[in-house]
Amino acid sequence: MQVFIAVVEFGSFTAAANALRLSQAMVSKHINTLEDRLGSTLLNRTTRRLHLTEIGSNYYQRCKEIIRQVEEAEAGAEIMRGSPKGSLKVSASIWFGAFALAPIISDYLLQYPEVNINLDLSDRFVDIIDEGFDVAIRIGELQDSMYIARQLSLFELAICASPAYLARAGMPHHPADLQSHQCLGFTNWRNHSGWKILQQGAVGRKPLSSRFDSNNGQALRAAALKGIGIIMMPKVLMTEDLEKGTLVEVLKAYTPAPRPVNAVYPKEKQTTPKLTAFIEFLTEALNSPH
């Protein structure tokens, strides 16, 4: 295939032979062998120049892609023998990045002293390539894209309230009961997430009442601990509160299903040691017992 590509791109058997440091006879033998295997003519030869046949043109494009992938695989294997070094630019949501990701990144930096990380926290949907990110950490189902996605862990939600709030307002047993409760609102939820998931299919449903909304999970947790209302947030945010009993989990049977946490990155980034080591480190850390 490499010989065939060279003949096409140099325009003659002689030029290809010189570039590849082969004899012209050997170049001709390679092309004849390819054509015999395929049972088709790839090149029309004349005394003055070569012309690709229709089959040859299609085969040339495929050969180019195959050789590119082989070279990329070999280069990746060579790179992987090295130690992680260089800079990583990482994107994540504000809450997940600050609460869950930042401590793990600190541990990663201690283990790999030749790596630098720029962690950019935003709840907007970043363009990984245009904005120069090496990897984005995204929660939820992904749309088909040009990127590679690696699932790191599962993201569990929990619905909780303080004992004082439940003593005052009563224990909800069904999502319909939430109509008579204060449900703390996370303003970064999308249209079909959050409390709206629990209301799906409810006849004549009304927007749930909330005296306190915020785009910050810690702010909502503080309000829940003070007895202001019911919170639905990532379970890891409230693990310590649940263990102490300062928050109580409710409506367990109706809690939305866990969502995947994915590392999303461009294809050309997949073989760098710094990124491979980072993703492996995240996977282990996010799945280890707390």
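## Helix α3

A helix here is a DSSP run of H or I that covers at least four residues, and helices are numbered from the N terminus. The structure described is a predicted model.

Helix α3 takes in residues 24–38. Glycine 39 follows α3 and has a positive phi, near 70°.

Which residues of α3 are buried? They are Val27, Ile31, Leu34 and Glu35, where buried means under 20% relative accessible area. These residues cover an arc of only 95° around the axis, and therefore lie on the same side of α3.

The face turned away from that buried side carries exposed residues, namely Ala25, Lys29, Asp36 and Arg37.

Strand β12 covers residues 259–265. Six of its seven residues are buried, which means that β12 is largely enclosed by the rest of the structure.

Two strands that pair with β12 are β5 and β6. Strand β5 (residues 135–139) pairs with β12 in the antiparallel sense through four bridges; within this pairing, isoleucine 137 has alanine 263 of β12 as its bridge partner. Strand β6 (residues 148–155) is also antiparallel to β12, with seven bridges between them. Here alanine 149 is bridged to valine 264 of β12.

Notes:
Residues numbered from 1 in each chain as written. Predicted model: local features only at pLDDT ≥ 70, side-chain atom pairs only at ≥ 80, totals over all residues. Heavy atoms only, no water. Buried < 20%, exposed > 50% of the residue type's maximum accessible area, 1.4 Å probe, protein only. Pairing = 2+ DSSP bridges. Expected span 1.5 Å × (residues − 1). Arc of directions from axis to C-beta.
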